[in-house]
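Please walk me through this protein model step by step.

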Amino acid sequence: MHLIQSSTRKYLVLSIVFTWMLAFVPKSVLAQETFQQKLAQLGYDKAQCTDWSDSTNINIPKPICAYVNLTNVTSVPSKWTTVYSVWMEVYDGFGNYFKKRIQMALQGRSTQRYPKRNFKVSFFNDEWIGDDTPDIKIGDWVEQDAFHFKAYYLDYFRGTGILCYKLYDQITRDRGELGRVWERGVNVKDPDSGALCHPDAFPCAVYFNNKFYGMYCWQLKKHRSNMNMKKHKAEHVYLDGIRLDINTMFGGTIDWSRLEVRNPKDLYAMSGKLYDRDNHDELMDETSPYYDLASDSEDVRKYKQMTAQVKHYLQNLSNYASEIQALINKKSSTATIRAAIEERFDVTSFIDYIIHNMVINNFDGLLTNYQWFTYDGKKWFLTPYDLDTSFGYFPENFLIMPASYYYIFPVSSWTYNTNQPVLRWVYLYFKDDIDQRYAYLRDNGILNTETIYSLFTNWYYSVGEANYQNEWLKWKDSPCLKETIANPQWELRPYTYSKYKAIADYSSTQTYQAGDFCRAEFRVWRAKSTVKGVSPYKQVGCKDSLARVFSWTKQRLASVDAWMNYQFTPQLVSYTLSISSVGWSTLCLPFKFSIPEGIELYTVTGIGNDGKLTLQKVVEPKAYTPYLVKGYLGDYLFVGQSEEANEDDPDYLVNECLHGCLVGRYVPKGCYVLQNQNGKAAFYKVPEDGKIMMGDNRAYLELDSPELANPIILDEEMSTYASVSEKSAEIVGIYNMDGVKLQHTVKGVNILKYSNGKTEKVVVK
């Protein structure tokens, strides 16, 4: 069975079974465990845990899934003005625990519309005063003392937006040293290498007074530290635009009501009051009657001068569009126009933004929901934010849009996006650069169905079936669980945009005859009989699944391939496999290769009555095919030409009983993964989903019989390679014939130098 098909079928079955449970099983049977019961299930032992409760500096790894209990509070605040002072207990799943005071309040402009709302928390060491707050370092994130908890009520995965950030991070980090946006900025002194310039999160089960409340995303908030900015540096301007377009910013006049300046801090408004970013005041400049530096204190004078400077930078930004448009109107050369754009905007970040936007179909990202910032007040950068309208989701109407649509409708495009001139100009004048960058990402496997789909499956496993079941019990009315159901007099029909545009909206006063069409909730409906005053739909929903995401992603990439003029180009690629002293490994590569001396490859065809694996030796390996590898201790170089993947092939990443992966993913429950335990290599059974992560370019074993031994011991006679030591050497350098050190193998003769002093010539054709 195809790896992804097998996984998605499993989750569909689980979804059907759980829906049946909700309908027929007594609620007492489905009672959710308490916070303390959950910790016991996770193996929490207070005596063995590291308790950070009394620490002013907390440093824990990034959890796979965290567990939080809020006491002396029953739910998320319902009003913006409400702030709760409560206690929060945190267990990270890795043996770290702490209990701290927090204040919690609502977070997000749209959160009040839904029964499950976002909230934000600020941590305190003191008694909710705020003079003493802890520095909390989670994994490789920047330190913060406050975080956001995102509900993602409309989202089946409770984290699709986070997965979009992770995909964006893969796209940008592939650029190397200058991948992070701040690395291309100036005036960034003593930077924090953990600054992402975009949010990140991990799943978190939230309990109120020991009772399960819901699955949330524990997320980095929008903060200058995550942008590598200083609090009082005028050049470090960070905008959180509600809507930045030709009417609000790029027409030469700033609509301050549509703009939020998040950094620098301690700015002043024209009214003489401190700038209130929630009310979106106009920033102060020298024309304000309150710009009276002579009578101001030193600090106030400094902050007012900083404010005027920030406003000057923003006014310059608002004029950039007219300056570039003037060059276009004069019919300046393409090179001149490109140079003018590059002088004012970090084109690299715009290219990555456009590609990411196109792949995930982030409809909200055309005119809003992005972050604009500068490090010198002159050149502006762009990164994404608020990506919940992605991967086909259109939550306003509980709709999943077809993957083939450019955005919400096929006529939308960057070319016609005159309301957002900067993105439009980058698209028009750097189209070849965009296409080349997209082709590079596709050719090198950074953007493919498996890479993207693995983000979803890994997240799903991280949350875990038990937590999802608790979520659906608590929030059973989530639209992502509901089908769209037509009333008996109507039927839902597929449509194209041209057909949709030509059809009138549904009217309750109109009489419809059988065969008549109308449109409602961005859907097309056809009357089955004469009807008047009956809505076309009984229920609208966007029922989702892993299967839907896999299918949508594959179709989406095919569509973007066409828009980006993409054609696969084989790449010279290499891969180094390290075999430990146990002498076994697994391998799955996206290219054909010659088998290096010192190893053997096998296909696993089954298991015999004696409990031993049935192996078939491989002479000519194929691309996208997993193998079992036996070899001497050491490093082995595999070289070849990458091949275009055929993801519709039933044998894609499947070889008899072996299932491969190109990027790391969790191994499904009941399958077997090759591990070295106590110096013995064997295939060990995976006890539950979300427990064992397989690395890149590896494979696991899936066997039909549930009664097999655990572990499956590899034949001792086949382990003789492990005892031979002369191959115990690592590759320490790759050189060309002139002795110049290379980063990787190239066409022609390559000289490999090993740690034991030996060298080897490898010819790459």
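In this predicted model, contacts between residues 24 or more positions apart make up 69% of the chain's contacts with a separation of 6 or more. The chain has 765 residues, and 54% of them count as buried. The chain holds 12 helices and 41 strands.

Begin with a helix. Is α7 mostly covered or mostly open? Helix α7 spans residues 421–429, and seven of its nine residues are buried, so it is mostly covered. The buried ones are Pro421, Val422, Leu423, Trp425, Val426, Tyr427 and Tyr429. What do they pack against? Their partners include four helices: α4 (298–329), α5 (334–344), α6 and α8 (431–443). The strands β13 (370–374) and β14 (380–384) are partners too.

Now follow α6 to another contact. Two packed helices are described by the angle between their axes and the distance between the axes. Helix α6 covers residues 347–360, and helix α12 covers residues 546–563. Their axes come within 8 Å and cross at roughly 135 degrees. An angle over 145 degrees would count as roughly antiparallel. The pair α6 and α12 is therefore oblique. Which residues meet there? From α6 come Met358, Val359 and Ile360. From α12 come Trp552, Arg556, Leu557, Val560 and Trp563. By class, this contact has seven nonpolar residues, one charged residue and no polar ones.

Next come the sheets. Strands of a sheet pair through backbone hydrogen bonds, either parallel or antiparallel. Look at one pairing in detail. Strand β21 (residues 523–527) pairs with β18 over four bridges, in the antiparallel sense. Leu492 has Trp525 in β21 as its bridge partner.

A second open sheet has four strands. Their order is β25-β28-β26-β27, and the pairing is antiparallel. Here the edge strands are β25 (584–589) and β27 (613–618). Each has a single partner strand, so one side of each lacks a neighbour in the sheet. The twist averages 45 degrees from one strand to the next. Strands β26 (residues 599–607) and β28 (residues 625–631) are antiparallel partners over four bridges. Within that pairing, Glu600 has Lys630 in β28 as its bridge partner.

Finally, turn to the loops. Most residues other than glycine have a negative phi, and most peptide bonds are trans. Some places in this model differ from that pattern. Glu521 is not a glycine, yet its phi is positive, about 55 degrees. Glu521 sits in the loop between β20 and β21. Its relative accessible area is 25%, so Glu521 is partly exposed. Tyr624 also has a positive phi, near 55 degrees. This tyrosine, Tyr624, is in the loop between β27 and β28. Is Tyr624 buried or exposed? At 11% relative accessibility, Tyr624 counts as buried. The cut-off for buried is under 20%. Last, a cis peptide bond joins Asn263 and Pro264, with omega about 5 degrees. Pro264 lies in the loop between β12 (261–263) and α4.

Conventions. Residues are numbered from 1 along each chain as its sequence is written. This is a predicted model: local features need pLDDT of at least 70, side-chain atom pairs count only at pLDDT 80 or more; totals for chains, interfaces and linings use all residues. Side-chain values use heavy atoms; hydrogens and water are left out. Axes are lines fitted to C-alpha atoms, for helices over the stretch in contact, and angles run from 0 to 180 degrees between N-to-C directions. Helices (H or I, at least four residues) and strands (E, at least two) are DSSP runs, numbered from the N terminus. Angles under 35 degrees count as roughly parallel, over 145 as roughly antiparallel, 65 to 115 as roughly perpendicular and the rest as oblique. Contact means heavy atoms within 4.5 Å. Ala, Val, Leu, Ile, Met, Phe, Trp, Tyr, Cys and Pro count as nonpolar, Asp, Glu, Lys and Arg as charged, and the others, Gly among them, as polar. Two strands pair if DSSP finds at least two bridges between them. Buried means under 20% relative accessible area, exposed over 50%, partly exposed in between (1.4 Å probe, protein chains only).
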